[in-house]
Amino acid sequence: MIQNIYVMKAGLFVLVAIALGAAARPRLADETIYKTALIYYVGATALLFGLANPMVILLAILVFALILRPRDSVAAAALYPAFLFVIPAGFSWLVPFPGINYLFDLNNARALAFAVLIPTAIAIIARREKGAGLSATDKWVIAYATLTFFLGFRAIDTFTNTARLRIYDLLGLPLVYFVLSRAPRTPRDAELMLRGLFYASMFLLSIGTIGAVQRWNHYFNIRLSSSFNASAFRGGTFRISGPMSPVDFGFWIAFAGACLLLLRDQFVRYRALAWAWLPAVILVMFSTGSRGVLLAGMVMVAAYLMFLLKTTSAKVLYVSSGVAGAFLLYQTLSATGFSSIDEYGTFAYREELLKAAVRHVKAYPIFGNTDYATSPFFADLVQGQGIIDFVNGFIQIVLPYGLVGLILFVGMIVSAWLGVVKAVSRIDRSTPDGAARWNRGVALGVALPGFCTVMATTSFVAYMYPTLLILVACSAAYARLADQIVAEDEAAEPAPPAPVEPAPQASPPAPDPERGFWPDGYVPGRTGWPS
């Protein structure tokens, strides 16, 4: 069953975009994950735009990913982000089952859990490695995952729905974090994970570039929810079309820009290609129509400047000054009114949402309330579609899970990021190899602050939550390998030159018994004093 000609034409344009993304070829000659990611992008895109039945598409993609999954657990984990972002998040199929409405809501993320994550998790467990114990981030993640899993049972729902949601929970944070944080074992493995993120972002950048230049809504006619479709935006501008929400899409474009700037000599074969892609980064970021994306880009630059500071006290002062400046800016805008810079009222809406959330937290402070969407505190925020747009990921955590859930959620993010900061601060970047290792760490270190900025401006739609899990897991893996990275850095330093011993001094000649120590040519009583 072939879809209509418009969808096939859109698919051709997406394939052209993927070919453009392939132009940023890696430096290393043997880049297995790059070639595999390229094959998967081409094959999965052809299936998505060439077939009409969601069941056939998702099952075919599941089998395709299972076939392409490398046996090496590190390569498989590194490819997961590239595989994940090919198919739109809203594309799903309800698996039927006799006697109930449906058995499972199969989407791309869950299909990849079965095809990539579960086999890789089994391979990691089979290695039977003696670990160094749980890291601080591991403990935060375990605590948060356990809390949210059990608090989910409080929701008033049918048994089958409750069981399904708990299975979705297990296929999310615990599985993604375990595979991506435990697969890397060496600094080379950590670099491979970062390369996987870079390739995924470059393919998205190429798709976004074609979409922005053409103003073509590639993903409109493949049975998606309208919330994931691009359309005329504020002021009649075109909002970028892609396999995820524009805000999430924009973050990955900003991440691609960070990698192109920091890692151009390591990840791209030709430096000129890296510089040539930067205008596309700016174009696509503006085409998302999201101010949160532009703000995230600024925060990533600010985070990079923080990494340039050498002392801990300077970094603390820098971050504190930034937080204080942001707070003063908010207070100033609140006093003068947001209308001068926000003609659409989005800032005012967010302010009212925050006030309503504070009232809800005061009523349910410890563990929140899972039925928060029906709370009377938010009655005034119901929009024309009959929904409440919770445009803040942190609010979406504190409302159902309370302050305990929010503390654990923020704790795992901060712990993962501080692990990267500490690891990077130990690297000596005075040598070319040290600078390369430092740049790789910084590229990962600027990602989490940037994404948290995006998360504060939008809700957990599309691939927002999986993106957070990927960044936290990769950061935890990098921090866990910090000692090896530093040891490799120290081993690469040239040995100090050996001290040069002074040449032995010639011993003075023995005195002539006849003339003693008199000068040559002078014999007392016989010759004159030599001139």
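Reader: Is Arg110 buried or partly exposed?
Author: Arg110 counts as buried, at 18% relative accessibility. Buried means under 20% relative accessible area, exposed means over 50%, and partly exposed is in between (1.4 Å probe, protein chains only).

Reader: What kind of model is this, and how are residues numbered?
Author: This is a predicted model, in which local features need pLDDT of at least 70 and side-chain atom pairs count only at pLDDT 80 or more, while totals for chains, interfaces and linings use all residues. Residues are numbered from 1 along each chain as its sequence is written, and side-chain values use heavy atoms, with hydrogens and water left out.

Reader: Back to Arg110. Which residue forms a salt bridge with it?
Author: Asp105 does, with the closest N and O atoms 3.8 Å apart. A salt bridge here is a side-chain nitrogen of Lys or Arg within 4 Å of a carboxyl oxygen of Asp or Glu.

Reader: How many salt bridges by that rule?
Author: The count comes to six salt bridges.

Reader: Which residues are linked in a network?
Author: Arg188, Glu191, Arg195 and Arg440 are linked through salt bridges. Arg188 and Glu191 meet at 3.8 Å, N to O, and the closest N and O atoms of Arg195 and Glu191 are 3.2 Å apart.

Reader: Where do Arg195 and Glu191 lie?
Author: Both are in helix α9, four residues apart, about one turn of the helix. Arg188 and Glu191 are also separated by about one helical turn, because they are three residues apart in α9. Helices (H or I, at least four residues) and strands (E, at least two) are DSSP runs, numbered from the N terminus.

Reader: And what are the relative accessible areas of Arg188, Glu191 and Arg195?
Author: Arg188 is partly exposed at 37%. Glu191 is buried at 12%, and Arg195 is buried at 1%.

Reader: What does Asp189 touch?
Author: Val74, Ala183 and Pro184, not counting residues up to four places away in sequence. Contact means heavy atoms within 4.5 Å.

Reader: Switching to the core. How many residues has the largest one?
Author: The largest nonpolar core has 146 residues, and those with the most contacts inside it are Phe85, Leu180, Leu205 and Leu260. The largest share of this core, 15 residues, comes from α9. A nonpolar core is a set of buried Ala, Val, Leu, Ile, Met, Phe, Trp, Tyr and Cys residues joined through side-chain atoms within 4.5 Å.

Reader: Which residues does a second core include?
Author: The second core is separate and has 14 residues, including Ala356, Ala357, Leu381 and Phe390.

Reader: What does Phe85 touch?
Author: Leaving out residues up to four places away in sequence, its contacts include Tyr41, Ala200, Leu204, Trp252 and Tyr463.

Reader: Now the surface. Which residues form a nonpolar patch?
Author: Val301, Leu305, Leu308, Tyr318, Val319 and Val323 form one, with about 470 Å² of accessible area together. Patches are made of residues with over 30% relative accessible area and no salt bridge; like charges are joined within 9 Å, and nonpolar side chains (Val, Leu, Ile, Met, Phe, Trp, Tyr) within 5 Å. Areas come from the Shrake-Rupley method with a 1.4 Å probe, and for residues only the protein chains shown count as cover.

Reader: Which helices supply at least two residues of the patch?
Author: α13 (291-308) and α14 (312-336) each do. Leu305 lies in α13 and is partly exposed, with a relative accessible area of 40%.

Reader: What about the chain overall: how many helices and strands?
Author: The chain has 20 helices and two strands. Of its 531 residues, 50% count as buried. The accessible surface comes to about 25600 Å², of which 65% belongs to carbon and sulfur atoms.

Reader: What share of contacts joins residues at least 24 apart?
Author: That share is 76%, among contacts between residues at least 6 apart in sequence.

Reader: Last one. How many residues apart along the chain are Phe13 and His218?
Author: They are 205 residues apart, with their C-alpha atoms separated by 7.9 Å. Phe13 lies in helix α1 (residues 5-22) and counts as partly exposed at 25% relative accessibility.
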